[in-house]
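Me: I would like to learn how to read the features of a structure like this one, one at a time. Could you take me through them, giving the general idea before the particular case?

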Amino acid sequence: PTPVRLPKGKRVMVRHAYIFGRSLEEDVRLLDRAEQTYERPGHPISREADRRPFNAEVTSVASRALLWNNDVGGCPVVALRGTTTPEDMMLNAATELVPYERHSAARVHAGFQQAFANLKAAGLVEMAIGAVGSAACCGGGPGCTAGGHDILLCGHSLGGVLALLLALELVLLHRSLRVTVVMFGAPQPGDAAFAAFVSRHRQLTVNRVENTTDMICRLPAALEFLEPECADYRPAGALERLDDGDVLGQALQYADRALRAAVDPATDARDGWRRLLKVSSHTVEAYRANLRASRVSMEERIQERTMRAAGFAALAVSALGSLAAAAGEAAAQSQGQSRRSVSGGRGRNSR
C-alpha cells in the first residue's frame, strides 16, 4: 500500500491491535465482573454484561470486592468497585503522596492506600488467598495454572488501583503466586518509585486499559496546577490504549445530557455524575464498546500486514527477476565481447 504523507505536525490516531496475552472475550468478561461490583438496589448493571452470581463478598466503609471461583480461564477472579459513594470521593480527594506501607521508598496516593486498608481489615486478602488454595477452584487443583496465572484481579476506576494494591499484597505474602491485574480507566496510584516497585515483581502482570479521552487516567498528575506535588504521580503497568472514535461528537452529546441532568431537580446527583464522566469516555459502557471495536482493529491490522507482506513478496520477486534479467544481459554481453576478441585475434594471425 502507498504510504500516506501528512503535513508536518499532523497526528493520526490508530486503534491498537490487542497486545495482551488474554483474549478479548476474557477481558470483556473481566470488565463485566468489574461492572457487577457497582450493582445495587435500583441501579442494575448493563444488559450487555455477563452477570454471574459471585461466591464471596467483602465490603468496607467505602468499597466492595467480589469473588468468583473457577471463572475466567478456569481461575478465580476478584473484582473491586470504583468510585460510587461520597466516602469514595473523599478518599479520591486525598491526593497527598505518602510512603507505601510495604515499601517505604515508594509513595502512593493517601486516599487509595486508606481505601485498601479498610478492605484489608475486612478480610479481603484472606478471601483472595482462600480462593487460590481452594480445592473447588480451577477444576480441583490448589492454584490454577491456566493462562499463566493463579488468580485474576480487576477493577474499574478506583477499583483498578485497589486491585493493584491487592496484587502487591498477594505476591509479597506468597512469592510463588502468579497474579494478573487488569485495570480499566484507573487513576495513577503513586510516584515513579512505586511504579518501579510494581515492575520489579516478575510473577506480577499489570495491564492498564485506557480510553484515549479518559481524563481519570491522567489524574492526579493533571492537577499539578492546584497541587504541585501531584506532578510526581506516574502510572503503573503495561498500557493498552483504546481509540474513542468520534470523541467530539460524543463529548457534545453527553455534555448536553449532563447539563440537563444537573438542572433537573428530579435527577439523582449520582446519575448526573455518571453522565459527566461519559464526556471523558470513563464509563464501563465506553470501555466495553472500545474493547469490542479493538477486535475489528486487530483484524484490519492483520489484513493490512498480510497485504503489505504480499506486496513486499511481489516486489521481491520482481526485483529478483530484474536482477536475473540484468545478470543474463551482462553475461550475454560478456560472451559477445569474448567472441569478438577471439575472432579479432584469428584475423590478425591470418594476416
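Me: Is Pro86 buried, partly exposed or exposed?

Reply: Relative accessible area decides this: buried means under 20%, exposed over 50%, and partly exposed in between, with a 1.4 Å probe and protein chains only. Pro86 has 48% relative accessibility, so Pro86 counts as partly exposed. Pro86 is found in helix H2 (residues 86-93), where helices (H or I, at least four residues) and strands (E, at least two) are DSSP runs numbered from the N terminus. Pro86 and Ala62 are 24 residues apart in sequence, and their C-alpha atoms are 8.2 Å apart in space.

Me: What should I keep in mind about the model itself?

Reply: This is a predicted model, in which local features need pLDDT of at least 70 and side-chain atom pairs count only at pLDDT 80 or more, whereas totals for chains, interfaces and linings use all residues. Residues are numbered from 1 along each chain as its sequence is written, and side-chain values use heavy atoms, with hydrogens and water left out.

Me: How many aromatic pairs does the structure hold?

Reply: Rings of Phe, Tyr and Trp (its six-membered ring) pair if their centres lie within 6.5 Å; planes under 30 degrees apart count as stacked, over 60 as edge-to-face, and the rest as tilted. The structure holds 3 such pairs. In one of them, the ring centres of Phe54 and Trp68 are 6.4 Å apart and the planes stand at 85°, so the pair is edge-to-face. This pair links distant parts of the chain, 14 residues apart, with Phe54 in the loop between helix H1 (24-36) and strand S1 (56-59) and Trp68 in strand S2 (residues 64-68). Phe54 is partly exposed at 32% relative accessibility, whereas Trp68 is buried at 0%.

Me: Which charged end sits over the ring of Trp68?

Reply: A charge sits over a ring if NZ of Lys or CZ of Arg is within 6 Å of the ring centre and within 35 degrees of the ring normal. Here the charged end of Arg33 sits over the ring of Trp68, 5.3 Å from its centre.

Me: What is the arrangement of the rings of Tyr100 and Phe194?

Reply: Their centres are 5.3 Å apart and their planes at 85°, so this pair is edge-to-face. Tyr100, in strand S4 (residues 97-100), and Phe194, in helix H6 (residues 192-199), are 94 residues apart, and the pair links distant parts of the chain. Tyr100 is buried with a relative accessible area of 4%, and Phe194 is buried with 1%. Ring pairs also link Tyr100, Phe194 and Phe197 into a cluster.

Me: In which sense do S4 and strand S5 pair?

Reply: Two strands pair if DSSP finds at least two bridges between them. S4 and S5 (residues 103-109) pair in the antiparallel sense over 4 bridges; a hairpin joins S4 to S5 through 2 residues, and Leu97 stands opposite His109 in S5.

Me: How many disulfides does a search of the whole structure find?

Reply: A disulfide is a covalent bond between the sulfur atoms of two cysteines. The criterion is a pair of cysteine sulfur atoms within 2.5 Å, and the search of the whole structure finds 0 disulfides. Cys75 is buried, with a relative accessible area of 0%, and Cys217 is buried at 4%.
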